Amino acid sequence: MSALVWIGFLAVVLICLAFDLGVFHREARVVRSREAFLFTGIWVAVACLFSGVVYYAYSGPHGSGPIALHDYQPLEAVQLYFTAYLVEYSLSLDNIVVIALIFTQFGVPLALQHRVLFWGVLGAIVMRFGFILAGSALLAEIDWIRYVFGALLLLAAARLLFGKDEGLAPEKNIWVRLARRVVPVHDHFDGSKFFTRHNMRLHATRLFIVLLLVEGSDLIFAVDSIPAALAITPDPFLVYTSNIFAVMGLRSLYFAIAPLIERFRYLKVSLVFLLGFVGAKIIIHDHVEIPSGTTLAVIAGTIAIGAIASFLRPGGGAEGVVDEPGPPRVPRVPRESERTTS
């Protein structure tokens, strides 16, 4: 049963991605705000509808092995799924700030940004699968590893609260430096191509470097978000499905709110509380068990309070939230003399 559920989920994800790239975004173009909000709503609706699949899956045999479904009652499994989804979706808002900074720093035209995010999602699907299976296996085999996960989440909350936002320096970034050592880099865009021929040699384009940075940012955020989801439930199916639905909705969410992200002045406070609560939850699990319904209510309430407070008192670049606004227009591409040559 568990294997069929996994295969069915992955098939649905691949079909959705193929439909997205093959039908809606066959050509590079600018994604308008109205379209972005529409697709954001569609992805949220799909994630909500999937809860019916979760309920059905946990009503039958749970199977055995590393991908087995845990022994949850159907309603409890649905609550845990929604909780992990809300945690991942909330933390992805911080990732949007970083992605906007990368696109702005590299002067990525608006028409090419969806392509980068699409392939970034594919990388996240593969990478997070391995992370989640490894994390779930560690929780099953090593009981004290939950304290490590809890400490990581509390450290992430402290880093977010007290850390200072630093600008992106492409010439110093480790991903950029490694890429330049492995493959020649043609420091220009060539349409939507990631690789191009220059002087009879195959070169990576500027767009490929941007893709590496987006994948690297997702890797960094996964270090926070995956332990947070595993703190909600060690069930790999619930964690992975909630993660992937949130990540797949990240593309449209980026185009919908990136130009407005500086208005969410209480985003940072909400994320700090969310990380701190989940970290404390997993640390005290052996002494105080917080019901899944209560966890869902606290997390949903945290997000709602932060959103309402930001709406009532919108910021204009609140301190510590975001230094760079989202990309409402195409930024200037640096001149040749300002670029780092390969």
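I record here that the model is a predicted one.

I then looked up the residue across from histidine 186 and found threonine 205 of strand 3 standing opposite. Next I checked what packs on the sheet: helix 7 (residues 206-232) does, and touches strand 1, strand 2 and strand 3. For the direction of helix 7 against that of strand 3, I noted an angle of about 50°.

I traced the sheet as a whole and found it open, with three strands in the order 1-3-2 and mixed pairing. At the edges I noted strand 1 (185-186) and strand 2 (195-198), each of which pairs on one side only.

I turned to helix 5, residues 145-162. From first C-alpha to last, the 18 residues of helix 5 reach 26 Å, close to the 26 Å expected at 1.5 Å a residue.

Which residues of helix 5 are buried? I listed Ile145, Arg146, Phe149, Gly150, Leu153, Ala156, Ala157 and Leu160. Viewed down the axis of helix 5, these buried residues fall within an arc of 155°, so they line one face of the helix.

I asked next what the buried residues of helix 5 pack against. The partners I found are helix 3 (74-106), helix 4 (110-141), helix 7 and helix 9 (267-283).

Last, I examined the other side of helix 5, where I noted Leu155 and Phe162 as exposed. For both residues, exposed stands for over 50% relative accessible area.

Definitions and conventions:
Residues numbered from 1 in each chain as written. Predicted model: local features only at pLDDT ≥ 70, side-chain atom pairs only at ≥ 80, totals over all residues. Heavy atoms only, no water. Pairing = 2+ DSSP bridges. Helix = DSSP H or I, 4+ residues; strand = E, 2+ residues; numbered from the N terminus. Contact = heavy atoms within 4.5 Å. Axes fitted to C-alpha atoms, helices over the stretch in contact; angles between N-to-C directions. Expected span 1.5 Å × (residues − 1). Buried < 20%, exposed > 50% of the residue type's maximum accessible area, 1.4 Å probe, protein only. Arc of directions from axis to C-beta.
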